[in-house]
Amino acid sequence: MPQHTVKAYGDELNQLTAEVARMGGLAEAQVADAVDSVARRDIALARAVVERDARLDAMHRDIERKAIRLIALRQPVASDLRRTLAAMKLAVDLERTGDLAKNIAKRGLILAEGEPMPPLTRSIERMGKLVSMRLRDVLDAYAAAEIDRAIAVWNTDDEVDEHYNALFRELLTYMMGDPRTITAGTHLLFMAKNLERIGDHATNIAETIYYEITGQEFTGERPRWSPDAAEAAPEPLSPV
Amino acid sequence: MPYEVSPSPVAPRAGSRLWTAGASTGIAVIVLVGLAVYQPALAPYLLGAAGLIGLAAWILNRTPPAPAPSNDPAGLAPSQAALETETTLLESVFEALADPVLVVSGGEADDIAGRRIVLANAAARDLLRIQREGGLLVPVLRDPAVLEAVDEALFGGLTRTTDYAGMGAQTRHWRAVTQPLAQARSGPLALVVLRDETDVRRMELMRVDFLANASHELKTPLASLSGFIETLKGHARDDPKARDRFLDIMATQADRMSRLVSDLLSLSRIELNEHIPPAGRVDLARAAADVVDAVSVLSAERNVVVRLDDRETSAPVHGDRDEILQVVQNLVDNAIKYSPASGTVEIVIRPDIALDEAAAPWSGGNRGDGATRLPLVTPDREAGQRYAAVTVRDHGPGMAREHLPRLTERFYRVEGQKSGERQGTGLGLAIVKHIVNRHRGGLTVESAPGQGAAFTAYFPLAPRREAVTPS
């Protein structure tokens with residue numbers, strides 16, 4: 001009977017979205033917990049983050065399998081196809097996010113063996129808060145299918161970059177001042193880089209959401225400061 | 001078809017008269033057919049009998065069933081009404097609960113899309129921006145720990161409390177209590193109650209930060225003191241010139257420490273009194289005049305003119321005289337500290353204004369220089385309450401918008417600003433905030449980089465008497 005087929009089809013699509021939302025929730029918690037474990041020097045929490053990453057991988061595989069099955073059996077078109085593809089793309093981004101969070105937690109375990117460095121871990125914490133907030137915003141946008149919120153996240157990526165640059169300078173200063181902090185400083189540097197890349201994944205997700213809802217690729221220029229941006233602009237042709 | 005096998009709303013109840021009639025007719029038909037096959041000669045009589053039985057069954061079917069109410073208790077109508085009012089009462093109670101409450105249904109254990117929100121009260125709908133019923137749970141509440149707790153409540157029958165952060169622009173901390181509900185026909189149900197724990201968390205965080213900051217602030221002058229003592233004991237012992245200079249610096253540092261400690265003490269005293277409304281009566285205008293006189297030495301030192309317009313106004317407010325003085329004093333101190341040499345600090349008293357006027361920008365709101373205004377403390381609105389306001393305006397470097405909300409935090413300093421030789425303790429505005437709060441008054445700040453800053457504190461006006469108690 002036709003209604004039944006469509007109902008099951010709709011259920012499958014909804015289930016896919018729900019799975020992605022759940023995976024997003026887990027990835028979000030992984031990032032927040034990883035940063036927390038570094039800030040509080042919480043070894044147990046860091047270990048939990050490392051262990052939980054396997055679940056994220058399993059969810060990623062599961063979503064991929066379900067999406068492929070859905071494409072094979074239902075041949076989705078138009079918005080249904082975009083929704084399926086977006087679920088797959090989001091799963092990849094979220095899986096990467098989880099890997100980066102795991103890496104942060106692992107480095108946190110090493111840092112916990114040494115002396116505490118409050119000002120530096122506080123900077124990492126601040127950056128981590130910012131990044132997890134963006135991740136949360138973009139996942140909220142996905143759950144509620146709100147383009148504006150996704151675009152807002154996309155537009156504010158330079159905040160994360162600024163934080164990263166500031167942290168980079170701060171860490172360099174520390175390491176130059178006291179060579180004993182180089183090991184810890186390097187780990188913190190990598191953590192900052194990981195956070196910055198999590199931020200990039202959040203912008204990727206925002207782009208995917210835009211594609212899912214509108215069917216068009218997001219082609220805006222990212223607001224990023226560069227020294228030669230002004231010069232690089234093509235000169236208007238003078239009417240001769 | 002007259003009889004549907006599936007349970008439909010019109011299907012006869014088991015044991016009803018219709019079932020009996022149908023069953024007996026069926027048996028009669030089978031018997032008749034059996035007889036007809038066994039003895040075909042009887043067929044005409046049997047046909048007649050069948051007709052009779054059919055007629056009887058039809059008549060039975062047509063007659064309305066025996067009046068049901070006769071079996072039921074006599075007082076059904078009122079009890080039903082009572083039940084209804086009780087349901088609507090329960091419903092309205094559920095709706096009115098201040099904490100967000102959700103009822104979640106389970107579906108299959110391994111199907112995450114099966115977790116649906118069966119019911120959500122008004123607070124939950126506001127918070128999660130969802131419909132009253134039928135939404136998927138996962139998109140709105142995707143924290144893994146909470147989802148796990150919901151699963152445990154649904155399929156394991158466990159009650160659990162989970163803390164999580166999330167939802168909304170500002171990070172809020174929530175505590176989710178998940179409980180199993182009685183099994184319904186459609187499957188297991190669970191109750192999720194959310195409670196906002198943000199304030200509790202924030203208080204904890206503030207306490208920790210405060211301890212760290214206070215000890216840090218005390219450590220700096222202490223370190224320099226012990227450093228100089230070491231030097232004086234060592235090679236500077238016989239150098240009178242250096243000794244004098246060092247002693248001067250030490251005196252400054254000791255002074256700074258004692259100011260810090262006294263500020264901390266007064267802050268803790270004010271905090272203790274914060275919920276006790278002040279009893280006295282103070283003239284705000286006269287307090288301002290007193291402060292201007294008191295700071296004349298400091299302002300002359302820094303070559304800053306402190307101007308107080310019309311000293312003749314009287315603005316009696318409810319308040320503790322020392323505390324009101326401290327508010328004005330701290331604001332004027334700050335203004336002088338951040339004023340450039342030979343600058344001016346203006347103090348304006350507005351003796352009788354409404355709350356909206358008090359909270360409005362003192363310059364009328366159309367400065368056009370991009371200055372932002374931010375209320376730091378806002379009193380509860382009370383109808384008809386009038387206020388007296390004191391505004392202290394300086395022409396110093398001003399502050400950017402992002403610093404304004406944090407000004408009243410303890411030890412908060414605007415980056416890149418020096419408060420001159422006389423360093424502040426970083427507690428001045430925190431003290432002002434607490435005093436204003438205790439007096440049920442308000443505090444607003446208006447500033448922009450390069451444009452100076454204007455702080456306005458306002459207090460509830462005391463009813464005018466013929467002779468204002470000299471303050």
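The contact between the two chains of this predicted model takes 18 residues from chain A and 15 residues from chain B, two residues being in contact if their C-beta atoms, placed from the backbone, lie within 7 Å. On the side of chain B that touches chain A there are 9 nonpolar, 2 polar and 4 charged residues, where Ala, Val, Leu, Ile, Met, Phe, Trp, Tyr, Cys and Pro count as nonpolar, Asp, Glu, Lys and Arg as charged, and the others, Gly among them, as polar.

Residues are numbered from 1 along each chain as its sequence is written, and chains are lettered from A in the order in which they are written. Local features need pLDDT of at least 70 and side-chain atom pairs count only at pLDDT 80 or more, whereas totals for chains, interfaces and linings use all residues.

Chain A has 8 helices and 0 strands (DSSP runs of H or I with at least four residues, and of E with at least two, numbered from the N terminus). Of its 240 residues, 42% are buried, that is, they have 20 or more other C-beta atoms within 10 Å of their own. Among contacts in chain A between residues at least 6 apart in sequence, 82% join residues at least 24 apart.

The axes of helix 4 and helix 6 of chain A come within 10 Å and cross at roughly 170°, the axes being lines fitted to C-alpha atoms over the stretch in contact, with angles from 0 to 180 degrees between N-to-C directions. The two helices are therefore roughly antiparallel, a term for angles over 145 degrees. The residues of this contact divide into 8 nonpolar, 2 polar and 2 charged.

| Helix of chain A | Residues | Residues making the contact |
|---|---|---|
| Helix 4 | 118-144 | A:Leu120, A:Ser123, A:Met127, A:Leu130, A:Val131 |
| Helix 6 | 157-177 | A:Glu159, A:Val160, A:His163, A:Leu167, A:Glu170, A:Leu171, A:Tyr174 |

In helix 5 of chain B, B:Val150 is buried, as are B:Pro144 and B:Leu154, among others. This helix (residues 144-156) is followed by B:Gly157, whose phi is positive, near 65°.

Conventions: Buried ≥ 20, exposed ≤ 12 C-beta atoms within 10 Å, placed from the backbone. Parallel < 35°, antiparallel > 145°, perpendicular 65-115°, else oblique.
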